[in-house]
Amino acid sequence: AKIRRILRAYVRRNPVQGYIQSMNYIVGRLIQVLEEEEAFWIFVLIMEKYMPLDYMLDGLTGAMTD
């Protein structure tokens with residue numbers, strides 16, 4: 001339920017990018033060590049600042065490779 005809430009909130013924040021299925025792996029890891037709100041904001045930071053756009057293509061293949 002936490003993963004779903006975080007991902008839905010992110011899609012509302014960034015509807016152009018939308019949801020990519022592999023995002024759940026990142027959020028899943030974050031909620032293991034952070035509270036839900038903290039996990040959301042760290043996820044936003046990762047997706048919008050640190051991941052180049054080509055990481056978003058084809059289900060975050062670039063991120064999974066790294």
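This is a predicted model: local features need pLDDT of at least 70, side-chain atom pairs count only at pLDDT 80 or more; totals for chains, interfaces and linings use all residues.

**Entry 1: the middle helix**

Buried here is under 20% relative accessible area, exposed is over 50%, and partly exposed is in between (1.4 Å probe, protein chains only). My helices are DSSP runs of H or I with at least four residues, strands are runs of E with at least two, and the numbering goes from the N terminus.

Residues are numbered from 1 along each chain as its sequence is written, and side-chain values use heavy atoms, with hydrogens and water left out.

**Entry 2: the core**

Next I looked up the largest nonpolar core, which has 14 residues; Tyr10, Met23, Ile26, Phe43 and Met47 have the most contacts inside it. Two or more residues each come from α1 (2-13), α2 (23-33) and α3. With five residues, α3 gives the most. A core of this kind is a set of buried Ala, Val, Leu, Ile, Met, Phe, Trp, Tyr and Cys residues joined through side-chain atoms within 4.5 Å.

I then followed Tyr10, which is buried at a relative accessible area of 0%. Leaving aside residues up to four places away in sequence, Tyr10 touches Gln17, Gly18, Met23, Phe40, Phe43, Val44, Met47 and Glu48. Contact means heavy atoms within 4.5 Å.

**Entry 3: the rings**

How many aromatic pairs does a search of the whole structure find? I got two. The ring centres of Tyr10 and Phe43 are 5.1 Å apart and the planes sit at 75°, so I logged the pair as edge-to-face. Tyr10 is in helix α1 and Phe43 in helix α3, so this pair ties together parts 33 residues apart in sequence. Phe43 is also buried, at 0%. For Phe40 and Trp41 the centres are 4.8 Å apart and the planes at 75°, so that pair is edge-to-face too. Phe40 counts as buried at 12% relative accessibility, while Trp41 counts as partly exposed at 46%. The pairing rule takes rings of Phe, Tyr and Trp (its six-membered ring) with centres within 6.5 Å; planes under 30 degrees apart are stacked, over 60 edge-to-face, and the rest tilted.
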